[in-house]
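Me: Please take a close look at one packing arrangement in this chain. Then set it against the rest of the fold, in one connected answer.

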Amino acid sequence: MMANRKSLHLKPLHLARSMAELNAFVGSAQIAPAKQLCTFGEKSLLKAKTELLQGDEEMSYILFVKYLNVVDAVMKSEEYMYSSTEELDQLLNPLRLKEVREETEKLSRSLSNSHIRPRSDDGHFAADELLKQCKEEYLVHQCHCCDVAPVGGLAEKIFAWYPSSNIYLTRYKQSQRGIPLAPIIPGTVDLYKVVPDSFPSEPCLMNIVNLYAQMDPGHPSSDQASSPKPSTHVQEDTSSFRLELFNKCLSSLASMNLRSAFNQQKATLCYKLDIR
């Protein structure tokens, strides 16, 4: 019997950005004797059920499809056509095959819906939904260079989900312990590999990239409707200066040559469209 899906605590998506990418993890069944394929199929099925119980729909889907691919490969083999063994009978049990195909279809529908990213009214990804459904390995956002100023917007949401990436809270705690602090350098980046606070016992591969591309919090000084707030820095925090810092951050990020943990290809980044 498969797990009761309503009782599952689903893990956040972490392997792919689309069903096409997810199916690419499956591959084709290996060419091997039927008995060896049966062993591989049974292990895939057992692991698929375990992953499903743990709430990992992506990994469970991959393993169920691998199992079904093994079944197809065995049914095309000469050993299946001319002999019958206990292993073959167990692998090709009609009731179990029906159950696996139904569960795989449910997972496919669920994952297909999850890969559609909700947007906010202005056409950009809503902050909460961006965090819940971000499937890139690196989430990039903009930060200011003040220790004492409050954090808002997307950064506030990210730090709530990934508190270990909150540079300001870390620096505050260090200052309370009397640890001397070097200033945050504009135009630099910090990289944090963290686990969402919402899922402390369920690691989710995610890297938070803080771009220190503005001096003060909030809008650039040139965008203020009234007189700009006083800055704690010598340089005026204008839009053009922020763009200069942003470009420096991107150059620093490019020099890091970030790679995917899954295939060692160049990593994909996710960042908000209206970053400024």
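Reply: H2 and H3 are roughly antiparallel to each other. The model is a predicted one. H2 covers residues 34-53 and H3 covers residues 57-75. Their axes come within 8 Å and cross at roughly 160°. Angles over 145 degrees count as roughly antiparallel, so the crossing of H2 and H3 falls in that class. As for handedness, H2 passes H3 in a left-handed crossing.

Now the residues that make the contact. From H2 come Ala 34, Leu 37, Phe 40, Gly 41, Ser 44, Leu 45, Lys 47, Ala 48, Lys 49, Glu 51 and Leu 52. H3 answers with Met 59, Ser 60, Leu 63, Phe 64, Lys 66, Tyr 67, Val 70, Ala 73 and Val 74. By class, this contact has 13 nonpolar residues, three polar and four charged.

Next, the wider setting. The chain holds ten helices and four strands. Along the sequence the pattern reads α-α-α-α-α-α-α-β-α-α-β-β-α-β. The chain has 276 residues, and buried ones make up 41% of them. Take the contacts in the chain with a separation of 6 or more: 67% of them join residues 24 or more positions apart.

The four strands form an open sheet. Their order is E2-E3-E1-E4, and the pairing is mixed. E2 and E4 stand at the edges. Each has a single partner strand, so one side of each is left without a neighbour in the sheet. From one strand to the next, the twist averages 30°.

Strand E3 takes in residues 207-214. Eight of its eight residues are buried, so E3 is largely enclosed by the rest of the structure. E3 pairs with E1, which spans residues 138-144; seven bridges join the two, and they run parallel. Within that pairing, Tyr 138 has Asn 207 of E3 as its bridge partner. His 141 stands opposite Asn 210 in E3. E3 also pairs with E2, residues 189-193; here five bridges join the strands, which run antiparallel. Asp 190 likewise stands opposite Asn 210 in E3. Asn 210 is therefore a residue to look at from both sides: it faces His 141 and Asp 190, and it sits in a strand whose eight residues are buried.

H8, residues 153-161, touches E1 and E3. The direction of H8 makes about 120° with that of E1. H9, residues 167-176, lies across E1, E2 and E3. Against E3, H9 runs at about 80°.

One last stop is in a loop. Asn 257 lies between helix H10 (239-255) and strand E4 (269-271). Phi of Asn 257 is near 50°, a positive value in a residue other than glycine. How accessible is Asn 257? The relative accessibility of Asn 257 is 43%, so this residue counts as partly exposed.

To return to the part you asked about: H2 and H3 cross at roughly 160°, left-handed, through a contact with 13 nonpolar residues.

Terms used:
Residues are numbered from 1 along each chain as its sequence is written. This is a predicted model: local features need pLDDT of at least 70, side-chain atom pairs count only at pLDDT 80 or more; totals for chains, interfaces and linings use all residues. Side-chain values use heavy atoms; hydrogens and water are left out. Axes are lines fitted to C-alpha atoms, for helices over the stretch in contact, and angles run from 0 to 180 degrees between N-to-C directions. Angles under 35 degrees count as roughly parallel, over 145 as roughly antiparallel, 65 to 115 as roughly perpendicular and the rest as oblique. A crossing is left-handed if the near helix is turned anticlockwise from the far one by less than a right angle, and right-handed if clockwise. Contact means heavy atoms within 4.5 Å. Ala, Val, Leu, Ile, Met, Phe, Trp, Tyr, Cys and Pro count as nonpolar, Asp, Glu, Lys and Arg as charged, and the others, Gly among them, as polar. Buried means under 20% relative accessible area, exposed over 50%, partly exposed in between (1.4 Å probe, protein chains only). Two strands pair if DSSP finds at least two bridges between them.
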